[in-house]
Amino acid sequence: MMKQFTELQRYELQAYLQAGIKKDEIAHKLGVHRSSLYRELRRNKWNPSDVYDAAYAQYRYELCKEQRVHSKKFTTYMEARAETMLVQLDYSPEQIVGRCKLLGFPMVSVERLYQWIWADKRKGGVLYRSLRRRGRKHGKRGSKHNNRGCIPNRRDISERPPIVQKRKRWRDLEIDTIIGKNNKGAILTINERKNGWLWMHKLPSKEAKYVAAATVMLLKPYKGWIHTITSDNGTEFADHEYIAKELGVDFYFARPYYSWERGANENLNGLVRQYIPKGTSFEYITQKYIEEITMKINERPRKRLGFLAPKETLKFKNLKQLKRIMNL
């Protein structure tokens with residue numbers, strides 16, 4: 001690896017050049033290879049034709065050194081920040097790294113954060129409990145799901161305007177339900193496709209009449225603003241025509257088992273499951289608690305939004321204003 005010039009060597013180099021000494025001889029006097037000397041002269045000038053200036057060359061060197069990417073040590077300061085973001089703000093390791101980068105805070109890699117979390121678990125720690133999936137593996141859907149009912153007058157996603165898939169405009173929504181333990185109780189989830197804004201509401205059951213009524217109630221204030229709604233093929237959306245009529249929207253259905261066609265909603269349901277894990281009884285979950293979860297998720301940064309939160313994409317104009325609001 002090439003040895004960098006010291007500040008003293010740079011001033012000696014400038015003096016030798018001003019004295020008219022040949023470059024090969026200067027390299028010998030300084031104890032460096034001639035190629036290192038030529039590289040120094042080439043790198044640390046404002047213009048190639050400029051006379052070598054030791055002070056400016058040292059400034060250029062220090063500037064480049066400051067901007068160089070270094071492997072980061074996981075300091076106590078970083079660890080405290082990461083733990084706060086993981087445990088109190090429910091950020092994933094990727095969100096922690098992306099958010100710190102956005103705000104100019106030092107942070108180790110995503111992989112290093114996972115290593116830290118699993119090392120903590122091996123020591124009996126509980127940091128892993130703040131991860132969305134906590135290391136669980138998920139199985140694929142089997143034949144037990146093949147009895148989903150047919151929905152009358154459904155409009156297939158193939159009829160939906162192509163612009164919706166591109167996420168280039170606001171006001172295209174996805175809708176789904178999360179079911180409680182023993183198939184009792186349900187939570188309605190609706191998201192805006194472009195920025196991931198979430199609406200949620202607790203339901204007595206996933207019967208179509210409850211889903212339709214809650215959907216209209218949540219979205220009525222936005223009537224005339226929404227373009228489309230897309231759902232899966234669950235029978236809870238059998239009253240889609242009522243929803244479409246009341247809200248003045250086009251309602252579409254994704255193809256069975258093509259969950260990626262509603263990828264944003266699938267991801268959001270995963271975020272909700274961090275607060276309400278599968279197998280949880282909904283009996284004691286209140287609408288107030290659901291609203292608290294909704295607020296938290298709308299304030300969580302998203303990778304596809306450049307690690308801004310959905311709420312921030314609606315409210316804040318620039319990063320400086322965001323830092324001031326967050327007291328960072």
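## Aromatic residues

Y222 is partly exposed, at 31% relative accessibility. In this predicted model, W225 is likewise partly exposed, with a relative accessible area of 32%. The ring centres of Y222 and W225 lie 6.0 Å apart and their planes meet at 50 degrees, so this pair is tilted. W199 joins these two residues, and ring pairs link W199, Y222 and W225 into a cluster.

Another pair is formed by F237 and F251, whose ring centres are 6.5 Å apart; the planes stand at 45 degrees, so this pair is tilted. F237 and F251 are both buried. The structure holds five aromatic pairs, including Y222 with W225 and F237 with F251.

## The sheet

Five strands form an open sheet with mixed pairing, in the order β3-β2-β1-β4-β5. The edges are taken by β3 (198-203) and β5 (250-253); each has a single partner strand, so one side of each is left without a neighbour in the sheet. On average, neighbouring strands of the sheet are turned by 25 degrees against each other, direction ignored.

Strands β1 (residues 172-179) and β4 (residues 228-231) run parallel and are joined by three bridges. D172 has T228 in β4 as its bridge partner.

## Helices against the sheet

Helix α9 (residues 208-219) lies across β1, β2 (186-192), β3 and β4, and runs at about 140 degrees to β3. Helix α12 (residues 287-298) also packs on the sheet, where it touches β2 and β3. The direction of α12 makes about 165 degrees with that of β3.

## Charges over rings

Two arginines sit over aromatic rings. The charged end of R10 is placed over the ring of Y61, 4.7 Å from the ring's centre. R81 lies over the face of F105, at 3.9 Å from the ring centre.

## Surroundings of K29

K29 is part of helix α2 (residues 23-30). With a relative accessible area of 43%, K29 is partly exposed. Leaving aside residues up to four places away in sequence, K29 touches Y16 and I21. The C-alpha atoms of K29 and E12 are separated by 9.4 Å, and the two residues are 17 residues apart along the chain.

Technical notes. Residues numbered from 1 in each chain as written. Predicted model: local features only at pLDDT ≥ 70, side-chain atom pairs only at ≥ 80, totals over all residues. Heavy atoms only, no water. Pairing = 2+ DSSP bridges. Helix = DSSP H or I, 4+ residues; strand = E, 2+ residues; numbered from the N terminus. Axes fitted to C-alpha atoms, helices over the stretch in contact; angles between N-to-C directions. Contact = heavy atoms within 4.5 Å. Buried < 20%, exposed > 50% of the residue type's maximum accessible area, 1.4 Å probe, protein only. Phe/Tyr/Trp six-rings, centres within 6.5 Å; stacked < 30°, edge-to-face > 60°. Lys NZ or Arg CZ within 6 Å of the ring centre and 35° of its normal.
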